[in-house]
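Me: I am new to this structure and would like to learn how to read it. Could you take me through some features, one at a time?

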Amino acid sequence: MNNGMQTKIEDLDAQVQKLYLGGGEAALQKQREAGKMTVTERIDALLDPDSFQELGLFVKHQCHDFGMDKKEMAADGVVTGIGTIEGRPVCVYAQDFSVAGGSLGLAHARKITKVMELAMDMKVPCIGINDSGGARIQEGINALAGYGEIFFHNTTASGVIPQISVIMGPCAGGAVYSPALTDFVFVVDKVSKMFITGPEVIKTVLGEEIGMEELGGARVHAETTGNAHFFAESEQECFAQIRKLLALIPHSNEKQTEDRRPACEPKAEYANIIKFVPDDPRQPFDVRNIVLGVLDDSDFLEVHQGFAQNAVVGFGRLNGQTVGVIANQPMVLAGVLDIDSSDKIARFIRYCDAFNIPLITFEDMPGYLPGVDQEHAGIIRHGAKVLYAYCEATVPKLTVIMRKAYGGGYIAMCSRHMKADFVYAWPTAEIAVMGPAGAANIIFRKDIKEAKDPAAMREQKIEEYKEKFANPYVAAGYGYVDMVINPNDTRKNLIQALEMARNKSVEQVKKKHGIPPF
Amino acid sequence: MDNLNILHLEDGEYQTQLTEKYLKRKPYSAPEPIVKAAIPGTIMEVLVKEGQQVKRGDALCVLDSMKMNNTICASDNGVVKKVYITVGQSVGKNAPLVEFK
């Protein structure tokens, strides 16, 4: 080898080694002391071993104001590149808090949008690890331009490739809107902080005192706001969740779940699902046991686990094929639809539909949550999202009515009228225009009022109504339910239906796009 | 199953768990006829007197807040019962400004 080449390679190695140190050993130490992994540790934990190829390591910022021309920022505070997860390629960017607090300037943002464009061109998922103090103020309006360009790319890529945001540090102000535009937001306890205006601003402007954790910590977003879809106790756990999700979902909207796995029976302890369902329809049960009794290997990845727990949504496999599961949860708030659960369900349906994932709905829904707060906060327009999403979805739609399916809830939860492809009901199903008590009160108002003992008459009429209508056979009589089945045959029926729906195709009315009740 | 509570729905009672968000709900009460400061700030002008008849949309006061001189208007017709503010006064969030009869 000639000497000139050797010298240049040594120079390259030296430059790379220096840039790999990010903000320097002291800054990296500070990162570790804050209980956070460094950017390289994170990328190693996320991707397959030795699969990461960095792009844009030498990018420099172009800012000359406020003495910035003398400041060197390794990789401009963000590591970008490609790698694989379980052998499948992905694009990644990870903000480096050790470099100027991970602050976002134009070069930093352009590195991000470049890797996003790459992900779009190659039709692979894009994963962003956010750990940034916010806009790099010295860069002025260019920092805002950077955010704006990222938002535009997020929106363009929406529904084409999976976009995953990982919050591993602060993510405040404008920065929050990139994660909010992506498909799945992952947060880590005590590490993630997300808010539009921080505790200090809120105190100054409004006089309200609140800590960072209570305002925008991981738990708040996983349980109260619903901004986060996955919550982890540690960064390691979070990366394991991301890898699990990416093994389940298709990697672009053009691919069916190409990695169909061999079918696998549910675990023995869940196989007999009847045992999880109480005899009394007013007794709660955990619907997740039913889901586990139906899915392959009883393996279910729940999305939005802590948020709006009266609904359960998530991914699993049925006969080897990825499916999206939506279920009412009788264990929490009796499984009612309310504003939060409507938002949760509607968004999940749209995700599945965009990526060609069949939908399986398990229904046990006594109605909508009554209350002034629900009405005033807009249950009408939020509830409408569920209808819109189910009607609009053209993927295979399979419905199992387990117990209660009353009124608007019956219609909304992927009924035949929303163009469900297959509707099954268990013998325990109660499908009617409204619950027996409410219906008897209206239909037999006169009889009850004029009876000698109105209370006894009321009870009698409720019983009569129950006997006549609180069952699946009236709906099955109209063909709204295709078949009433033994609950233990649910998996078998769903698999047969799913296989025959494999080539489902639906002619869609030509339009630019609909106007969902956002 | 733990922490089961009773939830009252249209069709009767259900045993179920209640979420923290549900438990934190505030019961509804009819709004008082008092115009309050939605954001803290400084009163720049007071435009009504006690006993004055105002119409919906009439300006009541000017509140300097969020880099803006905000004109606070009456949301309904009515007669001013009490004016809580004077020019130059700092008001906090939800501070009463003008009360109607």
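**A guided reading**

Reply: Gladly, and let us start with one residue: A:Asp50 sits in the loop of chain A that runs between helix H3 (39–46) and strand E1 (53–55). Keep in mind that this is a predicted model.

Me: What is the phi of A:Asp50 near?

Reply: Phi of A:Asp50 is near 60°, a positive value in a residue other than glycine.

Me: Where does A:Glu86 lie, and what is its phi?

Reply: A:Glu86 is in the loop between strand E2 (78–85) and strand E3 (88–95) of chain A. Its phi is positive, about 45°, although A:Glu86 is not a glycine. A:Glu86 counts as exposed because it has 11 C-beta neighbours inside 10 Å.

Me: Let us step back. How many helices and strands does chain A have?

Reply: Chain A has 21 helices and 17 strands. Its C-alpha atoms fill a box of roughly 105 × 55 × 45 Å along the principal axes. Of the 518 residues in chain A, 48% are buried. Among the contacts in chain A with a separation of 6 or more, 74% join residues 24 or more positions apart.

Me: Which residues have the most contacts inside the largest nonpolar core?

Reply: The general idea is that in soluble globular proteins, nonpolar side chains tend to be buried together. Here the largest nonpolar core has 141 residues, and those with the most contacts inside it are A:Phe186, A:Ile242, A:Val291, A:Ile349 and A:Ile401. Helix H4 (residues 106–122) of chain A gives the most to this core, namely seven residues. Another core, of 10 residues, lies apart from it and includes B:Val35, B:Leu60, B:Leu63 and B:Val91.

Me: What does A:Ile349 touch?

Reply: Leaving aside residues up to four places away in sequence, A:Ile349 touches A:Ile326, A:Leu359, A:Ala389, A:Tyr390 and A:Ala393. A:Ile349 is also one of the residues of H13(A) that meet H15(A).

Me: How do I read the packing of two helices?

Reply: Two packed helices are described by the angle between their axes and the distance between the axes. For helix H13 (residues 339–354) and helix H15 (residues 379–392) of chain A, the angle is about 25° and the axes are 8 Å apart. Angles under 35 degrees count as roughly parallel, and H13(A) and H15(A) are therefore roughly parallel to each other. H13(A) passes H15(A) in a left-handed crossing. The residues of this contact divide into nine nonpolar, three polar and five charged.

Me: At what angle do H17(A) and H19(A) pack?

Reply: Helix H17 (residues 436–443) and helix H19 (residues 454–469) of chain A pack at about 115°, with their axes 9 Å apart. The crossing of H17(A) past H19(A) is right-handed. H17(A) brings A:Pro436, A:Ala437, A:Ala439 and A:Ala440 to the contact, while H19(A) brings A:Arg458, A:Lys461, A:Ile462, A:Tyr465 and A:Lys466. These residues divide into six nonpolar, no polar and three charged.

Me: How many residues of chain B are in contact with chain A?

Reply: In chain B, 21 residues are in contact with 25 residues of chain A. Strand E1 (5–9), strand E2 (12–16) and helix H1 (20–23) of chain B each supply at least two residues of that side of chain B. The largest share, four residues, comes from E2(B). The side of chain B that touches chain A divides into 10 nonpolar, six polar and five charged residues.

Notes:
Residues are numbered from 1 along each chain as its sequence is written. Chains are lettered from A and ligands numbered from 1 in the order in which they are written. This is a predicted model: local features need pLDDT of at least 70, side-chain atom pairs count only at pLDDT 80 or more; totals for chains, interfaces and linings use all residues. Axes are lines fitted to C-alpha atoms, for helices over the stretch in contact, and angles run from 0 to 180 degrees between N-to-C directions. Angles under 35 degrees count as roughly parallel, over 145 as roughly antiparallel, 65 to 115 as roughly perpendicular and the rest as oblique. A crossing is left-handed if the near helix is turned anticlockwise from the far one by less than a right angle, and right-handed if clockwise. Two residues are in contact if their C-beta atoms, placed from the backbone, lie within 7 Å. Ala, Val, Leu, Ile, Met, Phe, Trp, Tyr, Cys and Pro count as nonpolar, Asp, Glu, Lys and Arg as charged, and the others, Gly among them, as polar. A nonpolar core is a set of buried Ala, Val, Leu, Ile, Met, Phe, Trp, Tyr and Cys residues joined through C-beta atoms within 7 Å. A residue is buried if 20 or more other C-beta atoms lie within 10 Å of its own, exposed if 12 or fewer, and partly exposed in between; C-beta atoms are placed from the backbone.
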